[in-house]
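Hi,

Here is the structure I promised to pass on.

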Amino acid sequence: MQLLKSNIDTNLFTSLTTPEIYQADVNTTPMVKICSVTKIYPNGTRALLDVDLKVRRGEFLFITGASGSGKSTLLKLLYREELPTKGYVVVDDCDLVKLRGDAISLFRRQVGIVFQDYKLIPQRTVAENVNIVLQAQGYTRKEIRRRLEPTLKLVGLLSKANKFPKHLSGGEQQRVSIARAIVSTPQLILADEPMGNLDLDNSWQIIQILQKLNSFGATVIITTHDENLVRRCNHRVVEVNNGKIRLQQ
Ligand code: ADP
């Protein structure tokens, strides 16, 4: 069952720089719609208050704000980790509030998710950490081989395919986690503070990889509290403040 529109083909990593087939949609159709969303956690914390946000297909969006302002909660709503208390969340015409059971994991497989703390499996090599996603989704060995190399190349880790996470720097580990998130070429990439543990150089590398994926047609949404990094890029920025969207530019 396909919940989202089809994934971006992996050939884009190596062959095309302009994904013509996606051009028609870029900048017109909202891929993500968050409408009148309030999120109150069971302990009574009001994390988001009547938030509206639309993200266009093919957009690169930063969500900024101080710690505790509601950035992660906003992102968690988009990969159905949390449900809104009020309002609705739609990704690619899929109403996430209505998803139940297997449809939730199926939906998550179609979204690339990157976390601040990488979440790699320490006993598995770089290649295995990346492949595991495709194995779980029933890809053939041939298809896994076809996807692995261009993906590791894109994140600059082809030469480290057989290394274990403990032998990699923080920046490299985050690049493995990006490879894992994108190896199935999802249309939507969500990154929650992906540079949170990294120095400036490594953070910039991560941004450049995400920008490259965006140039292939992927919609990218990143939360960050790093204002300097955001200023170096020319993308739309949404600021969350005390659970409200304060500024959209
Ligand atoms: P940010 O990502 O901007 O740091 P979060 O979305 O993580 O902000 O948190 C927003 C608010 O919701 C904070 O007050 C935080 O403590 C609270 N919060 C986050 N997750 C939970 C949870 N699972 N249960 C209760 N409160 C939570």
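Let's start with helix α5, residues 141-154: its 14 residues reach 20 Å from the first C-alpha to the last, close to the 20 Å expected at 1.5 Å a residue. (That expected span is 1.5 Å times one less than the number of residues; helices are DSSP runs of H or I with at least four residues, numbered from the N terminus.)

Before going further: this is a predicted model, so local features need pLDDT of at least 70 and side-chain atom pairs count only at pLDDT 80 or more, while totals for chains, interfaces and linings use all residues. Residues are numbered from 1 along each chain as its sequence is written.

The pLDDT (the predictor's confidence in each residue, from 0 to 100) averages 89 over the protein chain, with 88% of the residues at 70 or above.

Back to α5. Its buried residues (20 or more other C-beta atoms within 10 Å of their own, C-beta atoms being placed from the backbone) are Arg147, Leu148, Thr151, Leu152 and Leu154. They pack against α4 (126-136), α6 (170-182) and α7 (200-215), where contact means C-beta atoms, placed from the backbone, within 7 Å. After α5 comes Gly156, with a positive phi near 70 degrees.

How do α4 and α6 cross? Their axes (lines fitted to C-alpha atoms over the stretch in contact, with angles from 0 to 180 degrees between N-to-C directions) come within 8 Å and cross at roughly 25 degrees. That makes the two helices, α4 and α6, roughly parallel, a label for angles under 35 degrees. Val126, Asn129, Val130 and Val133 of α4 meet Val176, Ala179 and Arg180 of α6.

Cheers

Technical notes. A residue is buried if 20 or more other C-beta atoms lie within 10 Å of its own, exposed if 12 or fewer, and partly exposed in between; C-beta atoms are placed from the backbone. Two residues are in contact if their C-beta atoms, placed from the backbone, lie within 7 Å. Angles under 35 degrees count as roughly parallel, over 145 as roughly antiparallel, 65 to 115 as roughly perpendicular and the rest as oblique.
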